[in-house]
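Me: I am new to this structure and would like to learn how to read it. Could you take me through some features one at a time?

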Amino acid sequence: MGVSDSYERGREFLIEDPIRAALVIVFVVLALDLVRQLAVGQTQFSEFGVLLKDGLMRGLFFGLAGIGLSMTYSILNFANFAHGDLITGGAFGGVAATYVIAGGFGTEAALGSLLLVGAGGSVFGAALGIGVATSPLAVLAGVVVAAVASIALALIIDRFVYKPIRDRSGITLLITSIGVAFALRYLIVFVFGPGRRGVTDPSGIPSVAVPVIDGTVNVDLHEVSLLVVAVVLMLGLHFLLQRTRLGKAMRAMADNEDLARITGIPTERVVRFTWIIGAGLAGVAGYMFVLWNETLHWFQFWSLLLPVFAAVILGGIGSVYGAIAGGLVIGFVMSLSVVWIPGGLSRAAAFLIMIAVLLVRPEGIFAGRSTA
Amino acid sequence: MSGAEQSADDRGTLAAVWEQDAVKLTALVSGLFAAYVVGGLLLSYGLRQQLNELAQLSFFIAVFAMLALALNLHWGYTGLFNIGVIGFMGIGIYTTAILSKGATLTEPAAGTTGGFGLPLWIGIIGGVVAAGLFGGLVALPALRLRADYFAIVTVGLSEVVRFTLLEQSLQQGQVLGYWVGLGGGSGLLLDFDPVDRLLGAFGLLESYTRFSERTGEAIGIGSNPKPVFDGILYGLVLLVFLVGFYVLLTRVGSSPYGRVLKAIREDEDATKALGKDTDRFKIKAFVIGCALMGLGGILLYASQGAITPNAFRPRITFFVWIALIIGGAGSNTGSVMGGAIFAAVLYQGPIFFSNVIEGSFEIDAVNTFAQAVGPLAAADPVPLLAYTVDNIGQLRFVIMGLVLIYLMHNRPEGILGHRKETASTIPLGRRRAKTGGSPPATDGGEENRGVDGE
């Protein structure tokens, strides 16, 4: 095809969908400006590398946490506003397990303080030497407990809260999930206290300085762990969805629930596995994020819920692969936006993109491909 | 329910039903006040503390009732799922603050940004208009979205508002020679006292001050009695505003315009098919509701002396939602009742209750949950109870969440039962009723689709 062809198509696109065309133009302008900034040295390559790395870390978390949100949104048909607090609950459970094991089951500090993740400043992660390198067993146990705790929480909540009103409208379930979020979040404060705690030993994290054109970018073991865990889990999920009967059933149910039921798919069982997979992934994601972030507090994942929503909406509700891709996009937007706007507004930028996608293309950027 | 048959009869019965509502409302509010007075007596509060407590109670009842009424226009009447209430409140009070703070023409010290020094009433009007305009800005593109997407857009925007208020680069700057700004993370000091301004406008401030000092001395509430009277007066002013909200929204609801809104809630396509431009109706309703939310925000924060961005978290939006759902969406009387119950029982109640307990028993609470639970092994529940009472401030939010879940499970129509006003002008009950010209039943409707089953 010739130049005039693509010119013609571009013109049609511009006329048919001016808002989307404007978004594309904004994106291209920003990309060109980024190249210019890098070329003239206004932004250093190494600075940019750090931003890119942070964006990747956040994006992996958003993607992994978003899978569960996306699955419940499409299979149970409601926006779960308690998803963030579910992650917080799982993370507290996981970090508590890490504390208990790293603290020698009460030999280094009172067992109560360890179980409560050092509530009230009674014991600190740095004192216990917590880190992937320094206490690998404790961290491994923490990952498992975080997943188990999130799954248990999700199943209990589903059994007593969502299951009795399964047949009601999505709005009813949404409002109910706001109630769940409230109860869960403040129960966590009630038990673990309102303090923000550092949960790792920053001096015990090995890192390497990767040389970039005009400087270096530090990559530490916790970042590599987050990356490895996220990629392994995503691949595992891909295998599960594509190769197993359960995966096929889940995809069928996301596509058309009535049809799935008619073909004899046990929908309640699929719903249960939806919660298990979604909450398990979210719990692990939350725990790894806490390790990377080095801090833990009671509304940490509530305040990250909206970016996760943004990721899910961007990728198209119901699409697992979309959630992963959307998560990466939102992660990069949040960290790269500081190149152009003040850092305080980076989350605002992510939300505005989410709103723009909802307005322009509510089916997501990978429309028409609901994979699970 | 029972109203369905009654309201069909004639105007007289309708008036009786309405009177019942007013009676119920008065009984509810006086019951709540009485409970607080009794609690105060248990605590052997002095008169000053009693008066302060009651002033605060009426303040919160009025504020939450007003906000629930405004939200009812969105959700109860029009079916717009707005969970960004706090954003509109924030825009309202911030605009008022910037317009009405004292003018500063030289560069101020850090953290003391000024305003344009306009009279407070202009600031309030400005705040209401700004909230309404922002509502229009949101509504224009967002109204065609599905309810749950609309919810995510509104809550996202309310957070964008908060991030903007927090932003350092907007902290202060020079506009038309005035030093103004959003104050960043440290927020804005409100150097106007709404009560003083109100009295000053009528030239009553001096006589009021004298009156409060004399009366304060006469009834013995100690030195500096003016803040006590200020609180009571502000509570009363808010109750007047609440009546204004109620009358306005009830008139809107029963007007032909309000019937179209309810019709949109029931079935937007059918309303469109009847030739109504539903988008315009929805935008108007959204803008009016947002403006009222702005006013609610102004009234809530104007007397606080200072505002900081982090007070404007989505939490308050959900408070208003809980209030609305308690009372039952779709009914103005229900909204007011929900606001009153939420403020008195769920919001202020637990803290007041824990004060009563702490005042009555010698309590020495432990610091952490572990220390509280540990003694349970030795069958000693006292530390856990003490910890619970001590941390009631957090536990009340757990209770709110559980109440919301309970309501959605068992009484999604609100504690008063089916009170949703229907779109129809005529009662949808039995057909033998006379139909001419009776206003819409205050509680005559069945739920949405129940109508078909008649």
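**Reading two chains**

Reply: Start with one packing site: in helix 3 of chain B, F64(B), L67(B), A68(B), L71(B), N72(B), W75(B) and G76(B) meet F319(B), V320(B), W321(B), A323(B), L324(B) and G327(B) of helix 13 of chain B. Two residues are in contact if their C-beta atoms, placed from the backbone, lie within 7 Å. Helices (H or I, at least four residues) and strands (E, at least two) are DSSP runs, numbered from the N terminus. By class, this contact of helix 3 with helix 13 of chain B has 10 nonpolar, three polar and no charged residues. Ala, Val, Leu, Ile, Met, Phe, Trp, Tyr, Cys and Pro count as nonpolar, Asp, Glu, Lys and Arg as charged, and the others, Gly among them, as polar.

Me: What kind of model is this, and how are the labels assigned?

Reply: This is a predicted model, in which local features need pLDDT of at least 70 and side-chain atom pairs count only at pLDDT 80 or more, while totals for chains, interfaces and linings use all residues. Residues are numbered from 1 along each chain as its sequence is written, and chains are lettered from A and ligands numbered from 1 in the order in which they are written.

Me: At what angle do helix 3 and helix 13 of chain B pack?

Reply: Axes are lines fitted to C-alpha atoms, for helices over the stretch in contact, and angles run from 0 to 180 degrees between N-to-C directions. Here helix 3 (residues 47–77) and helix 13 (residues 315–327) of chain B pack at about 75°, with their axes 9 Å apart. Angles of 65 to 115 degrees count as roughly perpendicular, so helix 3 and helix 13 of chain B are roughly perpendicular to each other.

Me: How many residues of chain A are in contact with chain B?

Reply: 41 residues of chain A are in contact with 41 residues of chain B. Helix 8 of chain A gives the largest share of the side of chain A that touches chain B, 16 residues. That side of chain A divides into 31 nonpolar, nine polar and one charged.

Me: How much of chain B is buried?

Reply: A residue is buried if 20 or more other C-beta atoms lie within 10 Å of its own, exposed if 12 or fewer, and partly exposed in between, with C-beta atoms placed from the backbone. Buried residues make up 45% of the 454 residues in chain B. Helix 12 of chain B is mostly covered, with 17 of its 24 residues buried. V252(B), found in helix 9 (residues 226–254) of chain B, is partly exposed, with 17 other C-beta atoms within 10 Å.

Me: Which residues touch the most other members of the largest nonpolar core?

Reply: A nonpolar core is a set of buried Ala, Val, Leu, Ile, Met, Phe, Trp, Tyr and Cys residues joined through C-beta atoms within 7 Å. Of the 232 residues in the largest one, A310(A), M354(A), F64(B), I322(B) and L404(B) touch the most other members. Helix 3 of chain B gives the most to this core, with 16 residues. Leaving aside neighbours within four places in sequence, L404(B) is in contact with I175(A), I178(A), G179(A), F182(A), I322(B) and I325(B).

Me: Where is N77(A) found?

Reply: N77(A) is in the loop between helix 3 (45–75) and helix 4 (83–102) of chain A. Its phi is near 70°, a positive value in a residue other than glycine. N77(A) is partly exposed, with 18 other C-beta atoms within 10 Å.

Definitions and conventions. Angles under 35 degrees count as roughly parallel, over 145 as roughly antiparallel, 65 to 115 as roughly perpendicular and the rest as oblique.
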